[in-house]
Every structure is written in C-alpha cells, then in structure tokens.
Amino acid sequence: MTFSGDTSPPSAVVTGMGVIAPGGTGCDAYWKSLLQGVVALDRVDREGCTELPLRVAGEVRDFDPERLIENRFLVQTDRFTHFAMAAADLALSDARLTGDPDAPFAVGVTTAAGSGGGEFGQHELQELWGHGPHFVGPYQSIAWFYAASTGQISIRGGFRGPCGVLANDEAGGLDVFAHACRAVGNGARAIVTGATEAPLAPYSMVCQLGYPELSLAQDPHRAYLPFTDDACGFSPAEGGAMFVVEREDSAHLRDARVRARIAGHASTFTGTRGWEHSREGLARAIRGALAEADCSPEQVDVVFADALGVPAADQAEALALGDALGARAAVVPVTAPKTGFGRAFSAAATLDVAAAVLALEHGIVPPTPNIAEVRVDLDVVTGQPRTAPLRTALVLSRGLMGCNSALVLRRPEEPRT
Amino acid sequence: MNGPVTYEELATLMKGRAGLDVDAAALEERPDAEFATFDLDSLGLLGIVSELEKRYDRSIGGEPEMCKTPRAFLTVVNEQLTTGV
C-alpha cells in the first residue's frame, strides 16, 4: 500500500512497553533494578539444570503464567510464548491500545526468536522416546517453533495485520523495530513487536554448550564481565520485552503518549569467521542507522553496548564505535545493564531498547553492574547511574552467527529529520 | 449417547487436553454447535482423539478428528469403539 503525496514513510513511535526481566516485571520494577544495578544473575536451580556445566544465568523467578494467561493458550504454548503474551499485554495496556474488531488488519505482530520453545519440545520428545508417538501432543507442532509467539499474540488479541517472525540471531531483537517501521510505512496502524526467550531448560541449556562464547563461570558476580581483563563469555538470560510501535499520526489522533521515536536502523552480516570481523560490520550498521536518523556522532548521547564479554568481540565493538563515532566514541557514555541479568539471546536487545527508552525519559544512564575497570577506550558507566541530558540513544546488537545491528531512538519532541 | 464415550468425558478431555472450561451440559444442550464455538481448534481435537486411543488402547478410524460438532464426533468415535476392530 502506498500513500499518494507521501514523500517519506510515516514516522514510527513507541507508545507502549512491556518488560519481563530477571530483575523485575513491568517498566517500573525493571527501571528500578537498572538504577540500583541489581545483580539478578544467579545459579540456575531448576530441575534438570543443576548438574550442567552452564551454572550462572538470569532467571525470571516471579512469573506466574496461570495468573496472566488463559488456560487454552497455556496448554499449547512454551514459556517463551507465555512471556511474550504477558509482555504484549503490558505493552498494549501501557499504550492503551486494544484490537479494533472493525479494523482487524490495522494492527500486526512481529517478534524475534532465537531459542524457541525448548522446554515444551523437550517434554514432548521425552514422551516420544519414553512412551511412543501417541503420547506426543499435537501442540508440539506449533509450540516450539520460533513463530509461536507471533501467532499466539495475533490470535489472542485479534491482530490480523502484517505478522512476521525474525529468526536471525540476537540482532533480530533490533531488526524487529525496522520491520515494524516498514509495516507501518506500508499502511499498518500499529505493530506489536519485540522478543522474549526462555532458554533456561535442560535441553535448551545443553544446546548452548556448543557456543564458545558461553560463560561457564560459577560465580554470578564474575561470570559476565564484558570490556574487562576478566571477560570470560556471556551469561544467558530469559524474559524479554514487547512494544507497541505505532504510526505517529495514528498515535496523535488517539492522544496516545509517545515514549520515543524510532529514528534509524541498519544491519549488516559478517559471518562467524571471528569476532574481529564484527568491527567493520558493526561500524557500518552504526553509520547506516545514524544516516537514516540524520544524526551526527556528536548528537549521540548514550550507547547501549552489545557487550558480549568475549575479549575479541569487546575489542571489536569498541573499535567499531571509534570508527563510526570518531572522537565522540571516547566521551559518549556507554552502558550495558545486561551484565546484571544476562543476555537473553534475541530478547537481549529488546531489553536494551526498553532501558534506552526509560533512560531517555528520565535523563539517566543506568550503570553496568559488576564492572569496575574496563580495558577499552570507552566511557563505560559503572557503579552509580549517571544523570545527563539525553535526547538520542544508540542501541547495538550482534548475533553469535554474524548479524550486526544498530538502532537509533530519540525523545519524542526531537524534530523529525 | 449409548457409546462408551459420553459428553461428560468429552468435556473433561476438552479441559485436560485443550485447556477449555466447557460444561458437559452445555455440550449436550448444543450437540450440533461447531467445536469452534467452544474454542476448540483442530489440533485440540486431534489431541483428544489421541488421548481416547490411549485410554481405549486401540486406534480409532473414521477420521473423528475431521468432525465439526460434538454429536458428530461422539457418533464416529462410539461407532468405531463398539463395532470391533
């Protein structure tokens, strides 16, 4: 669909956010945990998980799906979709948006997924091998697929507009915003978008053991230390965030509160040849996102780093920022709140986007927990949160399989360029 | 219904397998209402057939999973279960 007279795509804005993070559920609890630098990383204590080499991760421990989701959706979905449905509810309620039965195609859904429904799948496969094919429930055919969350949010909310799922690595958590902006440009009124993951079940955890980037450290305070001499990989996490991304004119028409503007995005691919190659890819993604946002390096007020925790990757990220931002790279505040609660695969970047929107709203950069001294030439915010006038945030994400993405968010009152 | 499988059992299976709060009396009152009106989808019905096959320890032919209504479903299932293998 095109709009005659439009010279550029309509502006897309964030009007709702729903967060389910190891440190807290809901924007308020999440923001409070970020400001306090809460360390939610802990030893995984779930059944079947305690004897694995992977010990430290960020679990969401206060989540009661039966209180939030109808039974008929619970029986056919995995925990990652429970998170997605609950986070979508929070985002829609924050945006004061409900499905319009008279315009069912106006709202769509796009999620990113990297781990899928491992817990549900494991249960059914155990039935298969333990008892036989007849003991495998038919919902296995949908529950563990990456697309499950998009489908169930769409069915549950009556959102029949453009729907999609990005299964392209961690960076998909940023790419969904570009996808949503494109759908809005093509005529959708709003897209419910984001990502959630639930990779802390035995089968899913064993799958991760093949990643050389995974931290097998035992101490929650020492397991995930990006940018430091003690970096030894990343700790995984579960949870994620969902958003309502809306056409700006539609948001204004219904008097919605605009929380942030999605100003620019770009993504590149540099493969798995070695983390040093992500330098060029990430730098190009940053330049592309800034160009789309018509934003100069001097205008970037805060960077939410990918912060993988692998020395070569951390070095590549610092160099990429230098390549793309020039002198600004050494002085712009850089933060990675995820060191407090872990990296939730595709959902990690969505939690960073939520943190970035909250940071823009409050004019505060949350700190990078557990990090004291960094070995890179970046101004990493450690210890206490830092107050600063924030108008523009840059969020970075790289995937273990070679995707690099950058997203530029701006405060709503910043003029559209 | 003269077969081994009753509306009561169907309602219980709909709850257990598909998470639906359905009253057996409601099914019996509206035996020709489509399963969709009770929020039961095709995968849910497939799960119920599979559960019945386990319970009665035999496979059930006649494609009951294709039935659209409770009455049609129970008719096929009970025919199959009462007329030999």
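**Ground rules.** Residues count from 1 along each chain as its sequence is written, and chains are lettered from A, ligands numbered from 1, in the order in which they are written. Since the model is predicted, local features need pLDDT of at least 70 and side-chain atom pairs count only at pLDDT 80 or more, while totals for chains, interfaces and linings use all residues.

**Entry 1: domains.** I looked up how chain A is divided, and found domain 1 (12–253) and domain 2 (263–410), with bounds from an automatic or database domain assignment. Their centres, taken over C-alpha atoms, are 21 Å apart. Domain 1 of chain A puts 58 residues into the contact and domain 2 of chain A puts in 51; contact here means C-beta atoms, placed from the backbone, within 7 Å. On the domain 1 side, α8(A) gives the largest share, six residues. (Helices are DSSP runs of H or I, at least four residues, and strands are runs of E, at least two, numbered from the N terminus.)

**Entry 2: the largest core.** Next I checked the largest nonpolar core, which has 139 residues. Such a core joins buried Ala, Val, Leu, Ile, Met, Phe, Trp, Tyr and Cys residues through C-beta atoms within 7 Å. Buried means 20 or more other C-beta atoms within 10 Å of the residue's own, exposed means 12 or fewer, and partly exposed lies in between, with C-beta atoms placed from the backbone. Among the members touching the most others are Ala87(A), Ala354(A) and Val395(A). Helix α13 (residues 346–362) of chain A supplies the largest share, twelve residues. Both domains of chain A give this core at least three residues each.

I then followed Val395(A): beyond its neighbours within four places in sequence, its contacts include Leu174(A), Phe304(A) and Leu409(A). A second, separate core has 21 residues, including Leu10(B) and Phe35(B).

**Entry 3: Leu360(A).** This residue sits in helix α13 of chain A. I noted that Leu360(A) counts as buried because it has 23 C-beta neighbours inside 10 Å. Ala260(A) is 100 residues away along the chain, yet the two C-alpha atoms are 8.0 Å apart. Leaving out residues up to four places away, Leu360(A) touches Ala260(A), Leu390(A), Ala393(A), Leu409(A) and Arg411(A).

**Entry 4: helix α1(A).** Which residues of helix α1 (residues 27–36) of chain A are buried? I found Cys27(A), Tyr30(A), Trp31(A), Ser33(A) and Leu34(A). After α1(A) comes Gly37(A), with a positive phi near 65°.

Methods:
Two residues are in contact if their C-beta atoms, placed from the backbone, lie within 7 Å.
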